[in-house]
Amino acid sequence: MTQPLEMLIETPSQTGGPYVHIGCIPSFAGVEGIYPEDLGLSPIAKGARGEAITVTGSIYDGTGWAMRDAMLESWQADAAGLHPGQQGADPNVSGFCRFAADKDSGEFTLKTVKPGPVMGRDGPLMAPHISLWIVARGINIGLNTRVYFDDEDNSADPLLARIEQRHRVDTLIAKTTGVGAYRFDVRLQGEGETVFLDL
Amino acid sequence: MNDKAALMPRRREAHPVPYWPDYKTSVTRSPSLPLLSMESTPSEETGPRFGHSLIGPLDNNLIVNYTGGKAPAVGERIRVHGRVLDETGRPVPQTLVEIWQANAGGRYRHIKDTYFAPLDPNFGGCGRTLTDADGFYEFMTIRPGAYPWPNRANDWRPMHVHFSIFGHAFGQRLISQMYFEGDPLIDRCPIMATIRDRSQIERLVAPLDMQNSRAMDYLAYKFDIVLRGRRQTMFENKPEGM
Ligand SMILES: [Fe+3]
C-alpha cells in the first residue's frame, strides 16, 4: 500500500448539443431579453492597438458539409503578445470572442487585432496565433486548435515544430485573402483533417 | 497557487470517446487522427475573466428571468447548486457558470426544436452566475422534461441541464450536462454511453439533496464540477543555464 494521492478527476465533457447557442449566445439563438447582450461579442474594444484583421472560415464535417450549428470561442494575446490580465496588456483587448457558424452558409467571421508573438514555456517565442475552441452537436468534447498566419514567420514555433507530418502544419495556417483578411477552414475528419490539440 | 503553472494533462479516458456510432452525429464530427499533445503554454494557462458587473440579479433564476420577474415558468421548482473545484480539490472562485435547458415539457425555445410539446411563454431556458470565493454556485429553475430526438428509431434524452464552465484558463474550458438521480432514461441514452467509465457517468448524475430543499417550495439537487488543475510549481523556476 501507499499513501493516497487524493486527486479529483475532471468532470466528463458532454456534447454542447444542437442548442448550445441558447446557453452561450442566447440573442443569436432568438432568446432575447434575459441578458442585455451576448457574451464575447468582440475580443477588442475601440482603440485596441495593432493591425485589424478578419478571419473567415467554415467548419467541415467528414462528408465535406459546412456545419451550420457550430459555436466557436477564441482566446488570444494583444498586439504586443500579452494576454489580458497580464501586466501592461492592452486594456482594449479582452482577447475573448464567441461566434457561431452562419445558420445559412455555415461561415464564421472573427474580427480582431492580430496578436503578437507570445512567450512560450521555457522556450522560444510562439509565433502569433489565436486559440480556437469548437463545440457542436456530435462533438463529445470541445476541440482545441490554433490559427496561425501565412504572412508571419512560423518557422520557430514550438507547437508547429511538433507536427511530424509536415504537410499537416498547413491546416493551422490562415491564408491571406486581402488586406487584413484571412481564410481559416477547419476539417473535422478525413482529407486535410485539421490538427487538434491536447494541451 | 501560481497562475502561471502548467495545466495537468487532460485524462482523456475520463471523457467521452469522440466516435460513437450509436450517437450518429459523432460519426462524421469526430477527428480520426490523434490529437497533438504538448505541455500547456500561456495561451492555455490564461483565460477570460468575468466580473460581477456582468451578472444581473435574476440571471441565475430561470423560473423568472425570462419575464423579468413578472410571471413564473411552469414546472417543478428546483434548486441546482454545488461547487466548482479543480483536480487538486481547490475551489475555483469567481468563475462563470452558464446553463441552458428544455422547459418542463421537454421543449427548447429554439427555431430548430420542432417537438410538439408546447413552449412556455414564461420560460427562456438559460441562466448564468459566478461562483463565490469558495467555488459555490446556485440556480433556481424548473425540472426540464425528457424529450425525443432524431437519432436511432426511438431515442429520448433523459432530463438534463447543460452546463458551460470557464475556470481561469482557456485550457480548462468545459461543457457538460447534469442528469437527475433515478431517471431510467440515463442508461438508455447513447450520449451518456459515449462515456465508457461507469464511475464517470455517475459523476454527472446529481443526487436529490433533501437537506437543502425547502419545504413547500423547491427540491434541491447537488452538482459539483471538477476542472483541470495546475501542476505544483515548487521546482518551476529553473536556475539559469539548467
Ligand atoms: Fe439538451
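Setting aside neighbours up to four places away in sequence, Pro144(B) contacts Gln101(B), Ala102(B), Asn103(B), Ala104(B), Met159(B), His160(B), Val161(B) and Phe180(B). The model is predicted. Pro144(B) sits in the loop between β5 and β6 (147-149) of chain B. Its relative accessibility is 1%, so Pro144(B) counts as buried. Thr28(B) lies 116 residues from Pro144(B) in sequence. The C-alpha atoms of these two residues are 29 Å apart in space.

Chain B as a whole contains 3 helices and 12 strands. Its radius of gyration is 20 Å, close to the 18 Å given by the globule rule for 242 residues, so chain B is as compact as a globular protein of that length. Along the principal axes, the C-alpha atoms of chain B fill a box of roughly 70 × 40 × 35 Å. Of the 242 residues in chain B, 56% are buried. Contacts in chain B between residues at least 6 apart in sequence were also examined; 71% of them join residues at least 24 apart.

The largest nonpolar core holds 39 residues. The members that touch the most others are Val84(B), Tyr137(B), Phe163(B), Ile165(B), Met178(B), Phe223(B) and Ile225(B). Several strands of chain B each supply at least two residues of this core: β2 (77-86), β3 (96-100), β5 (136-142), β8 (160-165), β9 (174-180) and β12 (225-227). Met178(B) illustrates the packing. Beyond four places in sequence, Met178(B) touches Val80(B), Met159(B), His160(B), Val161(B), Phe163(B), Leu204(B), Ala206(B), Tyr221(B) and Phe223(B).

Over all chains, the structure holds 25 salt bridges. One of them pairs the side chains of Arg29(B) and Asp69(A), at 3.1 Å from N to O. Arg29(B) belongs to helix α1 (residues 25-29) of chain B, while Asp69(A) is in the loop between β1 (52-60) and β2 (71-76) of chain A, so this pair joins two chains. Arg29(B) is buried, at a relative accessible area of 4%. Asp69(A) is buried as well, at 6% relative accessibility.

Another salt bridge brings together the side chains of Arg146(A) and Glu44(B), at 2.8 Å from N to O. Arg146(A) is in strand β6 (residues 143-149) of chain A and Glu44(B) in helix α2 (residues 42-45) of chain B; the pair therefore joins two chains. Both Arg146(A) and Glu44(B) are buried.

Asp187(B) and Arg198(B) form a further salt bridge, with their closest N and O atoms 3.0 Å apart. This pair links distant parts of the chain, 11 residues apart. Asp187(B) is in the loop between β9 and α3 (198-202) of chain B, and Arg198(B) is in helix α3 of chain B. Asp187(B) is exposed, with a relative accessible area of 59%. Arg198(B), at 43% relative accessibility, is partly exposed. Elsewhere, Glu73(A), Arg98(A), Glu98(B) and Arg173(B) are joined into one network by salt bridges that share partners.

Asp113(B) presents another arrangement. This residue is located in the loop between β3 and β4 (126-130) of chain B. Asp113(B) is buried yet has no salt bridge. The nearest side chain of opposite charge belongs to Arg107(B), 4.2 Å away; a salt bridge requires a separation within 4 Å. A polar atom of the Asp113(B) side chain does lie 3.1 Å from the backbone nitrogen of Tyr115(B). Apart from neighbours within four places in sequence, Asp113(B) contacts Tyr19(A), Gly106(B), Arg107(B) and Tyr108(B).

Backbone geometry was also examined. Glu6(A) is not a glycine, yet has a positive phi of about 55°. Glu6(A) is in the segment before α1 (20-24) of chain A and is exposed, with a relative accessible area of 66%. Met216(B), also not a glycine, has a positive phi of about 60°. Met216(B) lies in the loop between β10 (205-206) and β11 (219-222) of chain B. At 89% relative accessibility, Met216(B) is exposed.

Terms used: Residues numbered from 1 in each chain as written. Chains lettered and ligands numbered in written order. Predicted model: local features only at pLDDT ≥ 70, side-chain atom pairs only at ≥ 80, totals over all residues. Heavy atoms only, no water. Core = buried A, V, L, I, M, F, W, Y, C linked by side-chain atoms within 4.5 Å. Buried < 20%, exposed > 50% of the residue type's maximum accessible area, 1.4 Å probe, protein only. Helix = DSSP H or I, 4+ residues; strand = E, 2+ residues; numbered from the N terminus. Contact = heavy atoms within 4.5 Å. Lys, Arg positive; Asp, Glu negative; His and termini not counted. Polar contact = N/O pair within 3.5 Å; in protein donor to acceptor, adjacent residues only side chain to side chain. Rg over C-alpha atoms; globule rule 2.2 N^0.38 Å.
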